[in-house]
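Please keep the sequence and the coordinates in view while reading.

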Amino acid sequence: MIRSLLLSTCLAAPAYAGEIWVTNEKDDTVSVISTETLEVIATYPTGERPRGITFSKDFSVVYICASDSDAVQVMDPNTGEILHDLPSGEDPEQFVLHPNDRHLYIANEDDAITTVVDTETRAVIAQIDVGVEPEGMAVSPDGKIAITTSETTNMAHWIDTETQELFANTLVDSRPRHAEFVKDGEQMWVSSEIGGSITVFNTADQTELGKIRFEVPGVHQDRVQPVGFEFTDGDTHAFVALGPSNHVAVVNADTLEVEDYILVGRRVWHMAFNADKTQLFTTNGVSGDVTVIDVASREPLQSINVGRFPWGAAFRP
Amino acid sequence: MKNFTQYSVLFCTCFGMSAQAEVALDVTYLSVFEAQPPTLSNLDAEPVDIGVAGALTGLDDNITTGRFLGHNYALNVVQLDDGDDAIAAAKTALAASPYLILDAPPAMLLAIADLPEAADAILFNTSSGDLDLRDSACRANLLHTLPSDKMRTDALAQFFLTRRWDDLVMITGRHPQDVSYAEAMRSSLIKFGLELSSEKTWEFDADMRRAASQEIPLFTQDLGDYDVMILADELHDFGRYVLYNTWEARPVAGSEGLTAVTWSPVIEQWGAAQLQSRFEVKNARDMTSQDYAAWAAIRTLGEAVTRTNAADPATLRDYILSPEFELAGFKGRPLTFRSWNGQLRQPIAIAHPRALVAQAPLDGFLHQVNELDTLGLDQPESNCEVFQ
């Protein structure tokens, strides 16, 4: 999703300036990092336990899952003012904005439900029963398919966005956390935290194309736990956060082989690229900081202190 | 026999997965009455549905998953009263289903496991930490989702060693559970190169709710100086009165104070907050270790059914003991079974009543197979042969 946002950004904005917005789960704030100075330039209060974060397509508003406030908050990114809350169902954790820029697909972690909210009418337009502890959310570039992964049921649930009904459920390894459509929607990837893998699906028939496994030298296999991941330009490589192994893996998206491991902060969760995708910002929950990675050299550049337990990340130009 | 309830939910909807065959798993939860001796304090009443509530939470998880696959789950709960015939109840349960989750004392677990009717069954021990059940008295049809006492005492020993608290003393109660906990602790201390400089047995008959501040300083004075006092008081009889009344100002660990536990309300990492919240909403109380063990038992069966698309005990047992099996148990690592004695490997929380202090295995305790095997009986020292 961030990928499609960035494409339009690159066309519109010649400058490389931008901001990375990070939700601090245990501070009830968002930290705004300048991608130029690599410093925190603003911190805004949010509802309780902010996690998922995403911008509208024109970046005029930012949506924030305030999990313990049971709301999705809509914030003016220029002022940090909360404009209003959207009904979200209980305990919203993650969400994804449909390409129509209107429908938010929200995982309600405590309720085994995916809620679809119209951001314009501020009404819930559908609630879909999914597995236990829904979390990862994705939507295909053509907008036809939405995905919810359920952590305890261990499935990716495939939602037809026309009917708002499930049309397939595919098992993955234990505790799936994050999903993304890749290569113009031809593939759908799901990370499994406890299973330690990423499963790659063929979108057309939901069959499994392959599985990526990770081995970080010197770290016990059980602690190598893939969570969030993002793709470089052209979807050639995936950067995969490996949780308490404190590393990010670089995966060749064609061969599905791991090419590199990059040391970052402790318990790395999610990430976002800057405008031209030369830098990657990872949220490190336990160390309370963000690691900036130089994408070309695959080296960590520096750490930026943010709030307590940084979780989600999103870019705006 | 009271409370014979059948929780049976049959979902026929397949939510888009029509090709799957119908698979149904019926499980019985059997709790055998065990009289407990009186304790000094009556502050903590044990919930009447201890264990059962965990199993029902696990059942809900299984049902939600099963409805996408055409898998059905049901749980029969049988709670026996004093004087009820546990063997007869077990036979009845085994006639209905080969899956039995047991809350029973060690001798009764073995008696049920040895029934001819249980020969091809899968039984889960969710109530006893007795080491012998995992060692020379192990049974091939008896799996353990509750950690052994030794796993818990090893966890504390790792913590003492990490903190360099190597001068240790212990006070042991007189109940058999206290004595076996103390034995486990002594063996854990030896395993990690620690030792007790002094030991005492708790011998008071007085009402410590009133006399603790006078009696305990004197009682603990002759233990001399030390780093930590260990209490072996598994029934929670006297231990709570020892804290802050010791002659030396030192931390207390073991059965009170800093404890090593299977589960605790203070565990919130690794998604545990979600399980805690599901449990609390449904049961209006905190989830206990025994609830967790029962939850893990029924989730183990659910996970095996999900992955094998089968419900016969031979297929499920093979899968559960295979390297492919892993349970996401909200403890930060995949949980697997020791294929040589049927014990569920799991991290152990080191906690006080208000927070998690550490989680064992601690950093630096390495193992050639799995770091979780630094906790409890390891394969080379095991006398369990029926799993081979």
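Strand β9 of chain B, residues 228–232, is mostly covered, with 5 of its 5 residues buried. Here a residue is buried if 20 or more other C-beta atoms, placed from the backbone, lie within 10 Å of its own; strands (E, at least two residues) and helices (H or I, at least four) are DSSP runs numbered from the N terminus. The model is predicted: local features need pLDDT of at least 70, side-chain atom pairs count only at pLDDT 80 or more, and totals for chains, interfaces and linings use all residues. Residues are numbered from 1 along each chain as its sequence is written, while chains are lettered from A and ligands numbered from 1 in the order in which they are written.

In a regular strand the side chains alternate between the two faces of the sheet. In β9(B), B:V228, B:I230 and B:A232 lie on one side and B:M229 and B:L231 on the other, and all are buried. Which strands pair with β9(B), where pairing requires at least two DSSP bridges? Strand β7 of chain B (residues 167–172) runs parallel to β9(B) and is joined to it by 5 bridges; B:L168 has B:V228 as its bridge partner. Strand β10 of chain B (residues 252–254) is also parallel to β9(B), through 3 bridges, and B:L231 is partnered there by B:G254.

Turning to the domains, chain B is divided into domain 1 (2–147 + 264–346) and domain 2 (150–261), with bounds from an automatic or database domain assignment. Their C-alpha centres lie 32 Å apart. The contact between them takes 12 residues from domain 1 of chain B and 15 residues from domain 2 of chain B, two residues being in contact if their C-beta atoms, placed from the backbone, lie within 7 Å.

Helices α8 (residues 289–308) and α9 (residues 313–320) of chain B pack at an angle of about 100°, with their axes 9 Å apart. Axes are lines fitted to C-alpha atoms over the stretch in contact, and angles run from 0 to 180 degrees between N-to-C directions. α8(B) and α9(B) are therefore roughly perpendicular to each other, a class that spans 65 to 115 degrees. Among the residues that make this contact are B:L301 and B:V305 of α8(B) and B:L316 and B:I320 of α9(B).

Finally, the contact between the chains takes 16 residues from chain B and 21 residues from chain A. On the chain B side, α1 (52–66) and α7 (272–283) each supply at least two residues, and α1(B) gives the most, with 3 residues.

Notes: Buried ≥ 20, exposed ≤ 12 C-beta atoms within 10 Å, placed from the backbone. Pairing = 2+ DSSP bridges. Parallel < 35°, antiparallel > 145°, perpendicular 65-115°, else oblique.
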